[in-house]
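Please examine the sequence and the three-dimensional model shown below. The paragraphs that follow lead from the chain as a whole to some of its individual residues.

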Amino acid sequence: MKRLEGVNDFVIRFANVNGSGSASANNLFAKAIFRMGVPVSPKNIFPSNIQGLPTWYEVRVNEQGFVGRRGDVDMVVAVNGQTLHQDYETLVPGGYFLYDSSKPLPEDFRRDDIAVIGLPLTLLCNEHFENAPMRPLLKNVLYVGALASLLDMELEVLVDSLTRQFRNNPQLAEPNIRALKLGFAYAGEHHADACRLKVRRADKAGDAIIIDGNSAVALGALYAGATVVGWYPITPSTSIIEAFGRYAEQFRIEPETGRVKAAIVQAEDELAAIGIVLGAGWNGARAFTATSGPGISLMSEFLGLAYFAEIPAVLIDVQRAGPSTGMPTRTQQSDLLACAHASHGDTRHPLLFPCDPRECFEMTADAFDLADRLQTPVIVMSDLDLGMNDHFGPPLCWDPNRVYDRGKVLGVEQLETLVGRWGRYRDSDGDGICYRTYPGTHPDKGVYFTRGTSHDEYSAYTEDSGAYVATMERLRRKWESAKRLLPLARIRITHPHARLGAVFFGTTTPSAYEAIALLAEQGIPINTMRLRAFPFQQEVLDFIHNHALVFVIEQNRDGQMRTLLINEGNLPAHKLVSIVSYDGLPVASRFLVRALAEALAERGLRHEQLIVQGGGQ
């Protein structure tokens with residue numbers, strides 16, 4: 001049998017039981033690799049909240065910096081008896097199967113194309129640790145120590161990490177460090193040459209950090225000056241509010257009173273939560289909420305009110321495939337159409353598509369400026385993978401000289417010097433964006449009545465059809481103005497004469513870039529465009545027009561981004577080909593390679609047909 005070999009390039013899957021304390025140990029392992037200067041991508045690929053259910057945690061190690069989910073597994077650490085057979089069959093030929101050999105494997109485990117490594121984890125814990133309640137937790141640390149030995153990792157890095165983790169509780173540090181060293185010594189003595197996958201110290205991490213997207217969103221909201229949060233708990237968005245609360249308690253304290261300068265209000269449901277946000281936004285506060293797909297449906301009516309009454313608001317949608325769809329809570333990009341047109345018709349909302357925690361931070365902060373500037377709800381489209389998993393990426397940066405953009409707001413002096421009659425919904429600049437005032441700005445000027453029903457440009461109620469049409473046409477102009485304010489797509493023209501293009505966004509990005517690179521090595525050139533916002537700018541449409549065939553890669557069944565592109569750009573449907581993944585797991589680069597190759601084969605395209613001869617498009 002030929003065993004897999006590789007240095008700083010492999011995938012390990014930990015098969016655990018939810019609630020067993022394994023997450024901390026698995027995270028310790030991943031971050032130790034990061035501290036050795038190697039890019040690493042840890043993913044909880046089934047983050048169930050139900051105790052006792054199976055859970056899997058994948059760690060991708062890749063010195064080249066490909067940190068999207070790859071697909072296929074080189075090594076399994078199997079410590080869940082419920083999924084033992086499934087995990088055994090998951091391994092690729094030549095892979096490594098680590099299991100708790102305190103009990104023998106069933107007789108039907110008969111693969112001769114993988115290496116089986118037995119570690120008597122339970123027996124070792126029972127023999128060396130008297131504290132019975134701690135044994136299941138220490139067993140996790142023990143297999144991390146064994147892995148470190150098998151992979152030739154630096155034990156000192158792991159010991160230092162545990163020392164830091166338990167710096168305030170040295171009584172817990174001692175047994176954990178002992179378990180780590182015990183696993184390391186046992187594997188070194190009994191399986192010294194069993195594994196040919198290795199981790200070597202490198203200088204490939206640079207100034208990168210590891211952080212989850214929800215924490216980055218919370219920091220973005222804090223730095224943007226958010227002071228009001230209306231929310232209702234829903235997985236996987238709840239940790240945004242929890243993180244915002246922690247950061248506010250740390251950085252938003254009034255020196256005189258010691259009080260937190262933020263109002264975080266848990267509402268009775270999602271509709272009330274967005275209502276709190278709109279009330280605060282109307283009063284001039286920067287406010288936001290966070291939710292997931294089901295919450296969008298409940299918030300829809302108020303989002304329509306905010307669109308028509310033109311009230312700033314920020315909403316973070318951590319998309320998921322959830323129990324309401326019959327699937328356990330997993331990741332998807334499944335709320336695009338619901339968010340783009342939330343309400344009962346003739347509404348369109350700006351969407352932002354971050355692809356990593358840094359963009360979660362930046363786009364959340366930008367969303368508050370955009371909401372104020374455009375006087376409308378702005379929705380940041382995260383997802384469960386981005387929000388709840390740790391990600392390797394660039395550090396978060398903030399310009400200390402940045403000034404918040406509050407948009408067209410009339411102050412006291414402007415109201416005093418105003419010539420002519422002011423109208424709240426009067427477009428004096430031709431960009432569809434009107435001037436507003438904050439309540440209480442002036443004792444008798446700048447007053448208006450906010451309503452969700454039909455109004456004229458002076459905010460007076462009317463049932464005149466012409467006034468309604470004029471308002472809707474002005475909102476259309478504002479939509480065009482939004483295109484100039486939103487972030488542009490990132491376009492990569494790797495081959496100027498390639499006939500093929502690929503479009504993707506959000507967490508599909510790292511796996512898509514890797515798949516495109518692998519296809520390029522096979523002589524299949526594909527130019528790429530990463531979408532970062534909706535509405536789409538002209539550059540997006542030009543990219544599609546300039547390629548004969550464009551693949552739209554996304555994580556939902558129905559190709560919702562493809563639908564948006566066709567509808568908004570009036571594009572020919574045959575030109576846009578859906579490449580979709582909707583199993584609820586982060587999309588894998590190897591899946592995309594197969595799907596793209598199959599799509600080309602179905603159309604009978606040969607290598608020589610993928611380049612425009614003579615250079616013309």
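Helices (H or I, at least four residues) and strands (E, at least two) are DSSP runs, numbered from the N terminus. This is a predicted model, in which local features need pLDDT of at least 70, side-chain atom pairs count only at pLDDT 80 or more, and totals for chains, interfaces and linings use all residues. Residues are numbered from 1 along each chain as its sequence is written, and side-chain values use heavy atoms, with hydrogens and water left out.

Consider the whole chain to begin with. The protein chain contains 19 helices and 22 strands. Its radius of gyration is 27 Å, close to the 25 Å that the globule rule gives for 617 residues, so the chain is as compact as a globular protein of that length. Here the radius is taken over C-alpha atoms, and the globule rule is 2.2 Å times the number of residues to the power 0.38. Along the principal axes, the C-alpha atoms fill a box of roughly 90 × 70 × 45 Å.

Of the 617 residues, 58% count as buried. Buried means under 20% relative accessible area, exposed means over 50%, and partly exposed lies in between (1.4 Å probe, protein chains only). The protein chain exposes about 25,800 Å², and carbon and sulfur atoms supply 51% of this area. Such areas come from the Shrake-Rupley method with a 1.4 Å probe; for residues, only the protein chains shown count as cover.

How do contacts relate to the order of the sequence? Among contacts between residues at least 6 apart in sequence, 76% join residues at least 24 apart; contact means heavy atoms within 4.5 Å.

The interior can be described through its nonpolar cores. A nonpolar core is a set of buried Ala, Val, Leu, Ile, Met, Phe, Trp, Tyr and Cys residues joined through side-chain atoms within 4.5 Å. The largest one has 63 residues, and Phe29, Leu151 and Met153 have the most contacts inside it. Helix H4 (residues 135-150) gives this core its largest share, 9 residues. Apart from this core lies another, of 43 residues, including Met299, Cys339, Tyr425 and Phe505. To return to Met153: when neighbours within four places in sequence are left aside, Met153 is in contact with Phe29, Ala32, Ile33, Met36, Ala148, Leu158, Phe184 and Val199.

Three further residues may now be located. Lys43 belongs to strand E3 (residues 40-44). Is Lys43 buried or exposed? At 6% relative accessibility, Lys43 counts as buried. Not counting residues up to four places away in sequence, Lys43 touches Trp56, Tyr57, Glu58, Val67, Arg69, Asp385, Asn389, His391 and Pro586.

Tyr307 is part of helix H10 (residues 293-309) and is buried as well, with a relative accessible area of 10%. Beyond its neighbours within four places in sequence, Tyr307 is in contact with Asp346, Thr347, Arg348, His349, Thr376, Pro377 and Leu475. The C-alpha atoms of Tyr307 and Val378 are separated by 9.9 Å, although these residues are 71 residues apart along the chain.

Leu271, in helix H9 (residues 270-282), is partly exposed, at 36% relative accessibility. With neighbours within four places in sequence left aside, Leu271 is in contact with Leu298 and Phe302. Its C-alpha atom is separated by 9.2 Å from that of Trp231, 40 residues away along the chain.

Finally, the backbone deserves attention. Most residues other than glycine have a negative phi, and most peptide bonds are trans. Asp72 has a positive phi of about 70° although it is not a glycine. Asp72 is found in the loop between strand E4 (54-62) and strand E5 (73-78), and is partly exposed, with a relative accessible area of 37%. Gln375, which is not a glycine either, has a positive phi of about 55°. This residue occupies the loop between helix H12 (357-374) and strand E15 (377-383), and Gln375 is buried, with a relative accessible area of 0%.

Two peptide bonds also call for comment. The bond from Thr235 to Pro236 is cis, with omega near 15°, and Pro236 is in the loop between strand E10 (228-231) and helix H8 (238-251). The bond from Phe534 to Pro535 is cis, with omega near 15°; Pro535 is in the loop between strand E20 (533-534) and helix H17 (538-545).
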